[in-house]
Amino acid sequence: MQAFALRPGALGARADRAGIDPMLVWADATGLALLRRPGQDMPQAWPLVVDDPHPNLPSCRGTAWTTARLQQWLAQPEARPHRLRLALPVLPLRPLPQQPRPASAQKQAWPASAGEVLLGVIDHGCPFAHALLRRHVTAATGAPGTRVLALWDQDDSTAGLSWPGAAAPCEPGYGTLLTREQLDDVMARHTVPGLGVVDEARCYEALGYDALRHGFTHGAAVLGALVDLPPPGARVAPGAAGAAQEADVVFVQIPRDSVQDCSSAALERYVLDGLDAIIACRGKATRRIVVTVSDGTSRTTHDGRSLVERGIAERAKVLREQDVTLDVVVAVGNSRDELRHAQFDPLAAGGRASVMLEVQPDDEAASFVTLRLPAGGTGLSVWLTAPDGSRALARMGQAVGLGPAQLEAGPSRAAATLVLAAPVTGAASDEAALGLVCIQPTRPLGPHAVAPAGRWQIGVQADAATTEPIHLWISRSQTNATALPRGRQARFVDEDGQYDPPRASLPLETDPASPRSCIRRMGSINGLATLPARQGMRVIGAAFDREGVVTLHSAAGPSAGHGEQARTGPDVLMPVDFSRTDPGMNVPGTRSGARLRVSGSSFAAPQAAALLADGLTVPEPAAPQRRGRRALPADPVSGAGLLRRR
């Protein structure tokens, strides 16, 4: 293969624009090769997350721009907004046939909650007819109703939900909104007369709710962990119900394409739009809004400055001024022991550091690596070496590719690309720069370029000494629930054997005091969960219930960057595994009475959300617990303590 400079595409996105989104440069240069289906036209409207002050709207918000407006913004270096992120999912190479749904002029308003507490869930697969989500018999229909106040499916494809009267919400104007009245109507039409038994399967079939054909969806399990009644003698008195078992629920369903894209390229917009939808459903009596987000991404700088995190803080501040509390409860992630985070400690002038990346064969999904480079790192260069020894080198503000010696189809046939955004200058000159490595799928399917499997090297050289570490995060490439089995996870290679050395025949559970390997458990925290404490976000980790210590999968802090407000890790741990020898916890399935075994911090977050809904305080990271003669914190990095719902 040979190296070449990536040329801007139809949009004119250039890596030398300060602070530009590397994914936008990559997408434009490759003609959206992995972001649109074969034969599909370029988008008419580009989904974005922008940071654009506006008198009547949040500054950090989701939006969509026409091609002409995006081209104009890219052509004017000083144009506002100064920052934006592309929000297009990476599509599977063998998707189910879908066509965009024709736009409808009909829109409907968000319903308003009458309760003091409002619960929100941003996920996929809402079993609104489940017994745990039912209200008493409704007066209008004489059949059981649902506690789900609104179900917003953000999908604009034919896979979206369909029911008479269902339409897109007035704002942001896409997807399908089903209100409680419509959901109650669905349940009434599929309730056995005289028995009051709801035929849940037919309810979902009538809506075309494809995700609920399965016995498990991630959203159903998260929602179940949030609203399921605790056992007798638990945190509420026997027979009593807390707010989590009575409050209205707003469920925001992220699109199917985003579920297929486990790298979460478009997640930030869906989270911000979903949060706005939940807030729009508050009523005059609402004083507390608790939102669960059990999803994550590695495509941020992990320092609390991502647009989605700033948007959360902004909304929490505005609601506080209106005497409403907003708690966005985010899972810390499950990447602690997945070899997906590497860190190069500060380099001396002329210093070099590198890491090997193992890309799996027969992988249908691209492998992405996000690089966080120190602020003002104009003297840094990054290289990418393929298994055959060919190398591409880029400096800040450059985009390069590796591909066949004869690129008959242009840069879209590149086997790998490396984009380094130019550093931000001026008032925001302390912001870190982002880089992106994209290695194409290794399985040949369709017209897309194919990359060789094997070991790729990513290296950094510094012309001048650096004062901050350089971080690399591999995006998740595993199969989400109900999605096509596509990706095979790429991982960093522990060449010196110091990441996981043996200790009495057991692996280390934290990084050694003086690690020699650049692979680190510390800093593996979810990129959506690095907002400093007390700004509207609660970050929840996972623990073994019996032992009372953090699990082997629960991601660790600290966040990147520095400063007094830097997040050290999760605020608190919730039990998700019964013990080391008995992993997992039981949660409801998509049908009433069904129980399933799950594990992961995704199911720790809704447990903490239930406590917050009841008005209980999730504490700040606790001091280490004393056990025997030594201090043993539940989380050795942040010191977060363990809470139980019972």
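A residue counts as buried when its relative accessible area is under 20%. By this cut-off Phe128, at 0% relative accessibility, is buried. The model is predicted.

The whole structure holds six aromatic pairs. One of them joins Trp26 and Phe368. The arrangement is edge-to-face, with 5.5 Å centre to centre and 85 degrees between the planes. The two partners come from distant parts of the chain. Trp26 belongs to helix H1 (residues 22-29), and Phe368 belongs to strand S19 (residues 367-373). They are 342 residues apart. Trp26 counts as buried because its relative accessibility is 2%. Phe368 is likewise buried, with a relative accessible area of 2%.

Phe128 pairs with Tyr204. This pair is also edge-to-face, at 5.3 Å centre to centre and 85 degrees between the planes. Phe128 sits in the loop between strand S6 (117-123) and strand S7 (134-137). Tyr204 is part of helix H4 (residues 200-207), so the pair ties together parts that are 76 residues apart in sequence. Tyr204, at 2% relative accessibility, counts as buried.

Ring pairs also build a cluster, made up of Trp110, Trp152 and Tyr174.

Charged side chains meet aromatic faces as well. Arg299 lies over the face of Phe368, the partner of Trp26. Its distance from the ring centre of Phe368 is 4.1 Å. The charged end of Arg17 sits over the ring of Trp73. Here the distance to the ring centre is 3.6 Å.

Definitions and conventions: Residues are numbered from 1 along each chain as its sequence is written. This is a predicted model: local features need pLDDT of at least 70, side-chain atom pairs count only at pLDDT 80 or more; totals for chains, interfaces and linings use all residues. Side-chain values use heavy atoms; hydrogens and water are left out. Rings of Phe, Tyr and Trp (its six-membered ring) pair if their centres lie within 6.5 Å; planes under 30 degrees apart count as stacked, over 60 as edge-to-face and the rest as tilted. Helices (H or I, at least four residues) and strands (E, at least two) are DSSP runs, numbered from the N terminus. Buried means under 20% relative accessible area, exposed over 50%, partly exposed in between (1.4 Å probe, protein chains only). A charge sits over a ring if NZ of Lys or CZ of Arg is within 6 Å of the ring centre and within 35 degrees of the ring normal.
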